[in-house]
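Q: Could you take a close look at one part of this structure with me? I'd like to go through the ligand site and whatever connects to it.

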Amino acid sequence: MSEASKLTILVIGSGGREHALVQKCLASPMAERVIAAPGNGGMASEVDCFDLAVENIEGMVALAQAQGVGLVVVGPEVPLSLGLVDALQAVGIPAYGPKKEGAQLESSKAFCKDFFARHHIPTAAYANFTEVAPALEYLESHPAPIVIKASGLAAGKGVIMAETQDKAIAAVKDMLEGGAFGDSGAEIVIEETLYGEEASIHAIVSGDSFVCLPPSQDHKRAGEGDTGLNTGGMGAYTPTSRVTAEMQAAIEEAVIKPTIAGFKADGIEFNGTLYAGLMLTDHGVKVLEYNVRFGDPETQVLLPMVSDDLVPVLLASAKGEPLPEKLNFHDGAAIVIVLAAGGYPGSYPKGEIITFPKEIANRAAIVHAGTKRDEAGTITTNGGRVLSVSSQAPSLKEAAELAYSVCDQVNFESKYLRRDIGHRELNRK
Ligand SMILES: Nc1ncnc2c1ncn2[C@@H]1O[C@H](COP(=O)(O)OP(=O)(O)O)[C@@H](O)[C@H]1O
Ligand SMILES: [Mg+2]
């Protein structure tokens with residue numbers, strides 16, 4: 001690798017996903033330097049972090065210019081939906097992620113559902129509404145159980161599974177009249193309830209070309225046995241035997257390829273991550289939603305499984321250039337376990353000192369999310385999802401054993417984790 005082709009890479013965000021991206025970029029021979037904004041306590045131990053809010057588009061562009069950045073990797077959805085990639089491209093800085101127009105696939109569920117309908121991509125039957133009266137009329141002909149969704153970004157909290165008609169009516173009124181979710185609830189999607197197991201497919205897209213990462217599954221509920229409140233995610237694993245090679249090929253044909261063709265037909269230039277949330281129903285695979293960035297915590301299992309250098313792939317996507325035909329992956333399985341602060345997703349303490357093992361196995365990694373590092377290097381808790389521990393092994397069972405052994409060596413007072421991550425896959429006959 002010539003010095004001239006080495007890059008300064010800026011990773012934007014502050015979660016476990018971004019820490020995993022930083023680690024993957026640091027491992028690349030193409031990386032001259034990796035920096036992050038705003039970063040977290042773990043990233044601050046490894047790279048220079050710049051304290052800028054992810055919504056600060058002008059600030060991020062100025063930072064990238066001042067630091068001579070040759071590739072920006074955008075972690076979260078909010079800056080994508082605010083047009084960060086458009087702003088970086090306007091000053092000639094390649095940025096991984098879709099521009100604002102493409103980011104609507106995630107930032108507007110109504111837009112996404114209409115996109116699915118227009119391009120014949122399998123999804124739940126639905127209708128979009130901005131007014132209460134027609135929405136209530138629709139509920140009369142499509143009674144509960146039914147799903148009501150705030151169309152805009154709601155940090156994973158805008159979906160109401162209404163088991164009863166009363167709950168459905170209340171959700172419609174809360175969102176469209178009551179200002180629940182603010183502007184994000186000014187438009188709603190009402191859709192049919194689907195039944196089945198969920199799985200995720202992540203594709204890296206550049207114009208007409210795409211490469212898929214292995215299928216994964218996550219655990220959103222706070223409690224063991226998938227009970228309790230919804231969270232940002234308590235753990236994930238890859239691969240999943242529920243998505244066979246045949247099913248993966250079918251998903252690429254029925255979902256990913258028509259999506260890319262749809263972008264072309266609609267005149268949308270889309271580069272970046274397409275992360276499909278799927279329901280594996282008895283009547284085939286249906287897409288619940290698209291996200292336009294990597295999942296958190298899925299990134300923490302997916303990136304370490306990629307045996308290729310990911311930086312040239314992200315850079316090609318950022319420039320809209322063709323991607324390699326396929327990515328290469330390690331054999332075996334990977335798991336990630338989230339260590340949360342007690343009380344999460346409700347209120348939880350901050351500022352607890354975290355202690356770490358001196359050394360961990362080399363197929364395990366500790367990734368930071370809600371942590372802070374002071375000048376003396378002490379790491380304290382600073383968020384709900386504090387850290388995550390990921391590992392790879394020949395089997396999911398061995399990966400889980402390794403990850404949990406590391407989890408037991410990381411301590412802070414209110415530490416909370418689920419002990420059953422991967423249970424569905426581990427208990428399959
Ligand atoms: N039509 C549906 N039928 C059954 N469950 C659904 C449906 N839509 C969403 N869900 C459940 O709600 C979760 C969140 O919905 P999703 O559309 O992924 O929105 P977001 O991730 O933005 O909150 C899904 O992971 C799934 O568990
Ligand atoms: Mg989702």
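Which residues are the closest to ligand 1, and how many surround it?

A: Keep in mind that this is a predicted model. In it, 14 residues surround ligand 1, and the closest are K109, K149, E191, L194 and E198. By class, the shell splits into 6 nonpolar, 2 polar and 6 charged residues.

Now for the polar contacts. An oxygen atom of ligand 1 sits 2.4 Å from an N or O atom in the E198 side chain. Another pair puts a polar side-chain atom of E289 at 2.8 Å from an oxygen atom of the ligand. With L194 it's the backbone that takes part: one of its polar backbone atoms is 2.8 Å from a nitrogen atom of ligand 1. As for cover, ligand 1 on its own has 530 Å² of accessible area, and the protein covers 80% of that. The elements that give two or more residues to the shell are β7 (146-150), β8 (159-162), β9 (188-192) and β15.

E289 is the bridge partner, in β15, of G277. β14 (residues 271-281) and β15 pair in the antiparallel sense over 7 bridges. Both belong to an open, antiparallel sheet of 4 strands, ordered β11-β10-β14-β15. Its edges are β11 (209-212) and β15 (284-291), each pairing on one side only. From one strand to the next, the twist averages 35 degrees. Helix α12 (residues 311-319) packs on this sheet, touching β10 (197-206), β11 and β14, and its direction makes about 70 degrees with that of β10.

Conventions:
Residues are numbered from 1 along each chain as its sequence is written. Chains are lettered from A and ligands numbered from 1 in the order in which they are written. Side-chain values use heavy atoms; hydrogens and water are left out. Two strands pair if DSSP finds at least two bridges between them. Axes are lines fitted to C-alpha atoms, for helices over the stretch in contact, and angles run from 0 to 180 degrees between N-to-C directions. Contact means heavy atoms within 4.5 Å. A residue is near a molecule or strand if one of its heavy atoms lies within 4 Å of it. A polar contact is a pair of N or O atoms within 3.5 Å; within protein, one must be able to donate a hydrogen and the other to accept it, and residues adjacent in sequence count only if both atoms are side-chain atoms. Accessible areas come from the Shrake-Rupley method with a 1.4 Å probe; for residues, only the protein chains shown count as cover. Ala, Val, Leu, Ile, Met, Phe, Trp, Tyr, Cys and Pro count as nonpolar, Asp, Glu, Lys and Arg as charged, and the others, Gly among them, as polar.
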